[in-house]
Amino acid sequence: FQPVEQAKDDEQQDLEQTLVNAIKGNGFRLLFQPLINLRGEEVEHYEALLRLPVEGGDELSAAEFFENPAISDDIKRQLDRWVLLHTTNLLSEHRTKGHNTRMFVNLSAASLADESLANWIGVAINAAKLPKGCGIFQFNEEDASKTLDTCHDFNHALLERGLPTSISLFGRA
């Protein structure tokens with residue numbers, strides 16, 4: 001017999017350890033959702049989506065662990081950096097084949113508070129030899145409204161580097 005509280009704590013610890021192992025062993029899967037431009041622009045737009053394969057062939061969506069309060073902010077920042085690094089590398093490969101592609105990458109509230117992230121993103125973009133506007137870094141409205149000053153500073157730091165931002169899920173909060 002395990003009390004319900006203890007069982008939940010064990011599950012949370014297991015999930016956090018699973019995430020740590022997936023970061024170290026590249027155990028995630030990236031999906032790229034096409035976004036259709038209704039004005040006929042010739043640029044391809046995609047949104048990067050993170051999935052964690054689990055037993056039985058199922059996958060956990062990023063929301064299932066990013067919205068989990070038991071997952072530490074440090075792990076969430078590591079996950080965002082994993083997504084950023086792998087997405088920029090894949091986008092670079094894709095663009096060398098002649099595609100004019102822009103990628104939307106979602107960032108967690110934990111990453112908005114990371115003062116070193118804007119510079120890190122700039123370095124990753126430069127290392128992948130990507131033009132400045134091909135990555136759009138987005139955060140959701142709820143996170144932005146909860147940490148308005150932090151969000152403003154982060155947005156400004158990205159814009160200083162020529163990196164555009166956007167707000168997702170606008171109008172829900």
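**Close-ups of a predicted model**

**View 1. Ser 61 in strand β3.** Ser 61 is found in strand β3, residues 59-61. Helices and strands here are DSSP runs, numbered from the N terminus (helices are H or I with at least four residues, strands are E with at least two). This is a predicted model, with residues numbered from 1 along each chain as its sequence is written. Local features need pLDDT of at least 70 and side-chain atom pairs count only at pLDDT 80 or more, while totals for chains, interfaces and linings use all residues; side-chain values use heavy atoms, with hydrogens and water left out. Ser 61 counts as buried because its relative accessible area is 19%. The cut-offs, with a 1.4 Å probe and protein chains only, are under 20% for buried and over 50% for exposed, with partly exposed in between. Setting aside neighbours within four places in sequence, Ser 61 is in contact with Leu 50 and Arg 51, contact being heavy atoms within 4.5 Å.

**View 2. Phe 28 and the largest nonpolar core.** A nonpolar core is a set of buried Ala, Val, Leu, Ile, Met, Phe, Trp, Tyr and Cys residues joined through side-chain atoms within 4.5 Å. The largest one has 40 residues, and Phe 28, Leu 50 and Phe 65 touch the most other members. Elements giving two or more residues to this core are α1 (4-24), β2 (44-53), α2 (62-66), α3, β4 (101-106), α5, β5 and α7. The top contributor is α3, with six residues. Zoom in on Phe 28 and, beyond four places in sequence, its contacts include Leu 19, Ala 22, Ile 23, Leu 79 and Trp 82. Leu 50, Arg 51, Leu 52 and Pro 53 are also among them, as is Phe 65. In soluble globular proteins, nonpolar side chains tend to be buried together.

**View 3. Helix α5 and its buried side.** Which residues of α5 (117-127) are buried? They are Leu 117, Ala 118, Ile 121, Gly 122, Ala 124 and Ile 125. They sit on the same side of α5 because they cover an arc of only 165 degrees around the axis, going by the directions from the helix axis to the C-beta atoms. Their cover includes α3 (73-96), α4 (109-112), β5 (135-140) and α7 (148-160). Asn 119 is also in α5, but counts as partly exposed at 45% relative accessibility. Asn 119 and Gln 138 are 19 residues apart along the chain, with 16 Å between their C-alpha atoms.

**View 4. Two positive phi angles.** Lys 129 follows α5 and sits in the loop between α5 and β5. Not a glycine, Lys 129 still has a positive phi of about 55 degrees. Its relative accessible area of 74% makes Lys 129 exposed. Asn 26, in the loop between α1 and β1 (29-35), has a positive phi near 50 degrees and is not a glycine either. Asn 26 is partly exposed, at 46% relative accessibility.

**View 5. The largest pocket.** A pocket, on a 1 Å grid over the protein atoms alone, is an open set of points where a 1.4 Å probe fits, with protein on both sides within 12 Å along at least five of seven lines; lining residues have an atom within 4 Å of a point. The largest has a volume of about 710 Å³, that is, the space filled by probe spheres set on the points, which are joined across faces, edges and corners. Of its 27 lining residues, Ala 63, Phe 66, Glu 67, Asn 106 and Asn 140 lie nearest the centre. Two or more lining residues come from each of β2, α2, α3, α4, β5 and α6 (141-146). The largest share is that of β2, with five residues.

**View 6. Ser 168 in strand β6.** Ser 168 belongs to β6, residues 165-168. With a relative accessible area of 15%, Ser 168 is buried. Not counting residues up to four places away in sequence, Ser 168 touches Asn 106, Gln 138, Phe 139, Asn 140 and Glu 141.

**View 7. Cys 134 and Cys 151.** Cys 134 counts as buried at 2% relative accessibility, and so does Cys 151 at 6%. The structure holds zero disulfides, a disulfide being a pair of cysteine sulfur atoms within 2.5 Å.
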